[in-house]
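Hi,

Here is the structure I promised to pass along.

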Amino acid sequence: MDLNLAVLIDGDNIPSAYVKEMMEEIAKYGNPTIKRIYGDWTNPRLSKWKNILLENAITPIQQYGYTQGKNATDSAMIIDAMDILYSGKVNGFCIVSSDSDFTRLATRLREAGMQVFGIGEKKTPNPFIVACDKFIYIEILKNQTEDDANDVDQKKTKRKSAVDAITPKDLRLISSTIDDVADDDGWAFLGDVGSLLQKKQPNFDSRNYGFQKLTPLFQSINAVDVERREDSKGRKKLIYVKMKERKHSRTKK
């Protein structure tokens with residue numbers, strides 16, 4: 001069943017350049033039935049949003065900064081989110097912000113049985129990221145748009161440099177997750193691995209490493225074996241993964 005989503009955007013905290021790509025991303029997870037953006041629209045700094053809001057049918061919510069140094073936008077978003085929650089009109093939320101002030105909101109919404117997606121910049125504090133079911137970096141959407149304009153060689157070069165960003169910590173996470181769902185022979189269905197990775201680390205996304213899908217990401221990791229198998233009816237290929245056995249060198253005494 002498709003989720004009905006409330007999309008709440010912190011206009012003071014998110015760049016306007018990739019809203020179109022952002023809305024396309026959100027549509028993958030559900031139907032954005034409520035779309036609101038919060039900010040002080042008397043501030044000239046937010047004027048660049050005007051045409052974007054019209055093009056994407058996003059409703060601007062005026063919020064004056066009543067007190068110097070206090071973020072009134074956060075409070076308005078939180079109040080609206082709770083009103084929407086109790087209205088029963090949606091079964092999921094997308095909070096678009098890089099601000100850790102929304103950590104408690106995301107936690108409260110999930111406690112109420114809502115699915116919560118977060119979208120923000122890579123500077124987003126970890127507490128907000130892990131409070132969401134899934135967190136998407138807005139930079140991924142930017143890179144995806146740029147890739148569409150690049151030729152194949154440029155994509156390969158960029159992808160290789162992105163894969164180099166896989167850290168030993170990432171590999172430990174992948175290894176432990178494969179072990180968690182593997183059969184007695186060490187093989188794990190990639191779909192199960194991906195789902196568990198998402199639960200363990202909401203911002204885990206193959207696109208962070210330059211790959212659109214999990215399969216090519218795992219194929220690029222030397223420590224992982226990837227195997228394609230036919231389903232019982234022979235109609236489609238299923239992807240299974242396994243950590244390669246480590247070879248221990250023996251030193252002669």
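This is a predicted model: local features need pLDDT of at least 70, side-chain atom pairs count only at pLDDT 80 or more; totals for chains, interfaces and linings use all residues.

**What I found**

The mean pLDDT of the protein chain is 85, with 84% of its residues at 70 or more; pLDDT is the predictor's confidence in each residue, from 0 to 100.

Local features need pLDDT of at least 70 and side-chain atom pairs count only at pLDDT 80 or more, while totals for chains, interfaces and linings use all residues, and side-chain values use heavy atoms, leaving out hydrogens and water.

**Overall make-up**

The protein chain has ten helices and nine strands. These are DSSP runs numbered from the N terminus (helices: H or I, at least four residues; strands: E, at least two). Of its 253 residues, 43% count as buried; buried means under 20% relative accessible area, exposed over 50% and partly exposed in between, using a 1.4 Å probe and protein chains only. Among contacts between residues at least 6 apart in sequence, 59% join residues at least 24 apart. The chain exposes about 14,700 Å², and carbon and sulfur atoms supply 48% of that (Shrake-Rupley method, 1.4 Å probe; for residues, only the protein chains shown count as cover).

**The cores**

The largest nonpolar core has 26 residues, and Phe93, Ile95 and Leu109 have the most contacts inside it. Such a core is a set of buried Ala, Val, Leu, Ile, Met, Phe, Trp, Tyr and Cys residues joined through side-chain atoms within 4.5 Å. Elements giving two or more residues to this core include strand 1 (3-10), helix 3 (72-87), strand 4 (92-96) and helix 4 (103-111). Helix 3 gives the most, with six residues. Leaving aside neighbours within four places in sequence, Phe93 is in contact with residues including Leu5, Leu8, Ile84, Leu85, Leu109 and Phe117.

Another core, of 22 residues, lies apart from the largest one; Val7, Ile9, Ile26 and Ile37 are among its members. Ile26 is also one of the buried residues of helix 1, along with Val19, Glu21, Met22, Met23 and Glu25. With six of its eight residues buried, helix 1 (residues 19-26) is largely enclosed by the rest of the structure.

**Cysteines**

How many disulfides are there? The count comes to zero, taking a disulfide as a pair of cysteine sulfur atoms within 2.5 Å. Cys94 is in no disulfide, and the nearest cysteine sulfur, that of Cys132, is 8.5 Å away, too far for a bond. Cys94 is buried at a relative accessible area of 1%, and Cys132 is buried at 1%.

**Two loop residues**

Glu121 is in the loop between strand 5 (115-120) and helix 5. Buried or exposed? Glu121 is buried, with a relative accessible area of 18%. Beyond neighbours within four places in sequence, Glu121 is in contact with Asn13, Pro15, Ser98, Tyr137, Ile138 and Glu139.

Ala57 is in the loop between helix 2 (50-56) and strand 3 (59-62), and counts as exposed at 52% relative accessibility. Its phi is near 55°, a positive value in a residue other than glycine. Most residues other than glycine have a negative phi.

Cheers

Definitions and conventions. Residues are numbered from 1 along each chain as its sequence is written. Contact means heavy atoms within 4.5 Å.
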